[in-house]
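Welcome! Here is a short briefing to read alongside the structure. Take a moment to look around first, then follow the topics below.

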Amino acid sequence: LDSTPTFEAPLVSLTVVASKTQAPAGEPLTLVGTIHVAEGWVFYSAAPGDGPLPARVTIPHAEVSHGEVTWSAPVAHPTDLGGGEIETYHVYEDEGRFSMTTQRTLAVANSYYILVQLRGQVCSDVTQQCVAINEQVKITIPGGPALDNPAFTPLVGGYTKAQLEAGEGVAVVELTAIDAPSWSIWTGLVAALLAGLVLNIMPCV
């Protein structure tokens, strides 16, 4: 039996925009991804604190290399773990962004695709549910002379994972009162962690 919870709308969706609509072989491209988070849920950052699965972005194929990922500033989100215990995690509410520079490793002129994979975890303060996330977006880059993308907006002032771990760029929000959980959020964190481990060992197709 499948015990995975189902939801009416996606808890997280991902859009990715490239800095160019067309590029020759070997031309560096900047990708900016936007993480859309469902209302009432939080998506944990690349440096969330102890417990939750951290956000991670990869390009899981050898044809495209990429530099270090930078992230928009998360917020410090106090979470009621039950029994009067409050833990603060670094999260994205509503929306988060990331950026990376990519480059095709094969010197051929035809078009190619970039598969961007986002993994992480969302939790709800209200229902105390936690869900592992594995989103993928595939974009195609036609070969040819470089053409700038008018729809591209760069990420300004991004932070590396190391900077986030050092507490840079994190805003603080106040804890709002929530109903007593029917089960501990720690249960949800553990369940999402196990689900994340399963995703990590599943092959990409």
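**Getting to know the chain**

Trp-71 and Phe-98 are both buried. Keep these two residues in mind as you read, and remember that the model is predicted. The chain has 205 residues, and 41% of them are buried.

**The overall picture**

- The secondary structure consists of two helices and 14 strands.
- Take the contacts between residues at least 6 apart in sequence: 76% of these join residues at least 24 apart.
- The chain has an accessible surface of about 10600 Å², and carbon and sulfur atoms account for 56% of that surface.

**The nonpolar cores**

- The largest nonpolar core has 34 residues, and the members that touch the most others are Leu-31, Ile-35, Phe-43, Trp-71, Phe-98 and Ile-114.
- Several strands supply at least two residues each to this core: S1 (12–18), S3 (29–37), S4 (41–44), S10 (95–104), S11 (112–124) and S12 (130–141).
- Another core lies apart from the largest one; it has eight residues, including Val-42, Tyr-44, Leu-81 and Cys-123.

**Aromatic rings**

- How many aromatic pairs does the structure hold? There are two.
- One of them joins Tyr-44 and Tyr-89 in an edge-to-face arrangement, with 5.6 Å from centre to centre and 90° between the planes.
- Tyr-44 belongs to strand S4 and Tyr-89 to strand S9 (residues 85–93), so this pair ties together parts that are 45 residues apart in sequence.
- Both tyrosines, Tyr-44 and Tyr-89, are buried.
- Trp-71 and Phe-98 also form a pair; their ring centres are 5.6 Å apart and their planes meet at 55°, so the pair counts as tilted.
- Because Trp-71 sits in strand S7 (residues 70–71) and Phe-98 in strand S10, the pair ties together parts that are 27 residues apart in sequence.
- Another ring to look at is that of Tyr-113: Lys-138 lies over its face, 4.3 Å from the ring centre.

**The disulfide**

- A disulfide is a covalent bond that links the sulfur atoms of two cysteines.
- The count here is one disulfide.
- Which residues form the disulfide? The partners are Cys-123 and Cys-130, with their sulfur atoms 2.0 Å apart.
- The link between Cys-123 and Cys-130 is right-handed, with 115° about the S-S bond.
- Are Cys-123 and Cys-130 buried or exposed? Both Cys-123 and Cys-130 are buried.

- Gly-26 is in the loop between strand S2 (20–22) and strand S3.
- Gly-26 and Thr-105 are 79 residues apart in sequence, yet their C-alpha atoms are 6.5 Å apart in space.
- Setting aside its neighbours within four places in sequence, Gly-26 is in contact with Gln-103 and Arg-104.

Note on methods: Residues are numbered from 1 along each chain as its sequence is written. This is a predicted model: local features need pLDDT of at least 70, side-chain atom pairs count only at pLDDT 80 or more; totals for chains, interfaces and linings use all residues. Side-chain values use heavy atoms; hydrogens and water are left out. A disulfide is a pair of cysteine sulfur atoms within 2.5 Å. Buried means under 20% relative accessible area, exposed over 50%, partly exposed in between (1.4 Å probe, protein chains only). A nonpolar core is a set of buried Ala, Val, Leu, Ile, Met, Phe, Trp, Tyr and Cys residues joined through side-chain atoms within 4.5 Å. Helices (H or I, at least four residues) and strands (E, at least two) are DSSP runs, numbered from the N terminus. Contact means heavy atoms within 4.5 Å. Accessible areas come from the Shrake-Rupley method with a 1.4 Å probe; for residues, only the protein chains shown count as cover. Rings of Phe, Tyr and Trp (its six-membered ring) pair if their centres lie within 6.5 Å; planes under 30 degrees apart count as stacked, over 60 as edge-to-face and the rest as tilted. A charge sits over a ring if NZ of Lys or CZ of Arg is within 6 Å of the ring centre and within 35 degrees of the ring normal.
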